[in-house]
Amino acid sequence: MITTTEFATSQTQESASFASGAFAWYPVQSPEWTGTSTSDIRLFGLVAQLDTLNALVERLRHLLDLPADWDSYGAVPVRADVVQQAAHLIRDWLTEGIPAPQIVPTPDGGVQLEWHQPAAYLEIHLSTPTDLSFYVESDGHEEEGTLATDRSRLASVLASLASSRSGG
Amino acid sequence: MESPATASDPPNDPTVPDDSLVFRRVPPDQVVRDATGDRTVSTAAFNSRGGPLSVGLEVLLRELRHEPLVMLQGYPTHGLAGLTAARVRQPDPEHPEKRLGVTKDRDPDEPPWHGSITGKITDSLGKKLAAGASEGIVVWPPDQPDGDSAPGRAE
């Protein structure tokens, strides 16, 4: 009998393998093989999402606890309003199937969201809740942009991340 | 072949040899996992907030007979990365006008080995600095969480 935690872990590991293309032929564990129903699978998938969400929330909370000079070079504390905006963006993106980013503090009190994928690298920098810039490397090309001027391009890059996750 | 200097080039000190190392402390929160799961220094570690970026210079550390790890005294949770001055000075291949310099910075308020990376660190140049730092890591920050517990790692 597989436990919820074990299943969530296996789902997470499968997602990682799937993103790399190593198991593109094996995206979802079949209910027939495990003795679990399709509804169980959906429930377990939700648990895995919640685990991801919990880890992200913990990470954001941790960033809010960083003191001044956390980087030893005079960084200012991470701004609460930036963290709140990052949380909103990540929540929306997760519901759209976009993979969870890695979250890094920046010395200006902002946060940087990073996706390191085999086919693409994306970083999004929030220095204030409304000041969002991004940098993407894909297929040997580099692009820089801002949400204000390049919203559709950013949406396209995020969609490609979701697509690579689902195998599309 | 080295590009000729122009009036718009950032300050650069030729007495910092190209083959000497430029060190930067790496806080634990700025270490991430790359697409293969390996630790890598985030580009956020090279966010200079528009000004010069503080570094330690091997050429000055040698003069003072200090090991690079002296830079971690008082910062037990940090790591240390080093990359050559040549790598810092290497222009962006797609935009040769975007380049950085390395200078000595003998500020009495700073350690005697203090130097600066000068010029505008664009996202692209920051990515190259972070890649160089990851390759030239001296010591990673201790007590890093393993890969599976790092947020976003699962993706």
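Six strands of chain B form an open sheet in this predicted model. Their order is β6-β7-β4-β1-β5-β8, and the pairing is antiparallel. Strands in a sheet are held to each other by backbone hydrogen bonds. At the edges lie β6 (101-104) and β8 (137-139) of chain B, and each of these pairs on one side only. From one strand to the next, the twist averages 35°.

Look at one pair inside the sheet. Strands β4 (residues 53-57) and β7 (residues 114-118) of chain B run antiparallel and share four bridges. Within this pair, B:Ser54 stands opposite B:Ser116.

A helix packs on the sheet. This is α3 (residues 123-135) of chain B, which touches β5 (79-84) and β8 of chain B. The direction of α3 makes about 110° with that of β5(B).

Now the nonpolar cores. Nonpolar side chains tend to be buried together in soluble globular proteins.

| Core | Size | Residues include |
|---|---|---|
| Largest nonpolar core | 33 residues | B:Val22, B:Phe46, B:Leu57, B:Val88, B:Ile117 |
| Another core, apart from it | 31 residues | A:Leu66, A:Trp70, A:Ile103, A:Ala162 |

Helix α3(B) gives the largest share, four residues.

Which residues does B:Leu57 touch? Leaving aside residues up to four places away in sequence, its contacts include B:Val16, B:Leu21, B:Val22, B:Val102 and B:Trp113. B:Leu57 also touches B:Thr103, B:Lys104, B:His114 and B:Gly115.

Terms used. Residues numbered from 1 in each chain as written. Chains lettered and ligands numbered in written order. Predicted model: local features only at pLDDT ≥ 70, side-chain atom pairs only at ≥ 80, totals over all residues. Heavy atoms only, no water. Pairing = 2+ DSSP bridges. Helix = DSSP H or I, 4+ residues; strand = E, 2+ residues; numbered from the N terminus. Axes fitted to C-alpha atoms, helices over the stretch in contact; angles between N-to-C directions. Contact = heavy atoms within 4.5 Å. Core = buried A, V, L, I, M, F, W, Y, C linked by side-chain atoms within 4.5 Å. Buried < 20%, exposed > 50% of the residue type's maximum accessible area, 1.4 Å probe, protein only.
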